[in-house]
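Subject: Structure handover

Hello,

Please find the structure below. My notes on it come after.

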Amino acid sequence: MRTFDIDRLWNASSVAALDAVEAKYAARGKTVRITGLNRPSARMHDALSGELSGGH
C-alpha cells in the first residue's frame, strides 16, 4: 500500500490526477490511501472521485 498525505485539493483536476495515480497502482495490484485532506478537499474528493475521465 502507498500512502499519500495531502492537505488540500485545489480543483477537479487534482481529483482526476489522484484517480489516475490510484488506477496505475491498482493495475499493479497495489492500493493507495489518501490521508490528511482538509474537510472541503475530502468532500470534493468524495464527490468527484471516479466521476472524472482524463481521456487518456
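Predicted model: local features only at pLDDT ≥ 70, side-chain atom pairs only at ≥ 80, totals over all residues.

Residues are numbered from 1 along each chain as its sequence is written, and side-chain values use heavy atoms, with hydrogens and water left out.

Asp19 lies in helix α1; helices are DSSP runs of H or I with at least four residues, strands are E runs of at least two, and both are numbered from the N terminus. Asp19 is buried but has no salt bridge, and Lys24, the nearest side chain of opposite charge, is 13 Å away. Buried means under 20% relative accessible area, exposed over 50%, and partly exposed in between (1.4 Å probe, protein chains only). A salt bridge puts a side-chain nitrogen of Lys or Arg within 4 Å of a carboxyl oxygen of Asp or Glu; Lys and Arg count as positive, Asp and Glu as negative, and His and the chain ends are not counted.

Glu22 is also placed in helix α1, which spans residues 12–27. Glu22 is partly exposed, at a relative accessible area of 22%.

The largest nonpolar core consists of Leu9, Val15, Leu18, Val32 and Ile34. Two or more of its residues come from each of α1 and β2 (32–35). Such a core is a set of buried Ala, Val, Leu, Ile, Met, Phe, Trp, Tyr and Cys residues joined through side-chain atoms within 4.5 Å.

Regards
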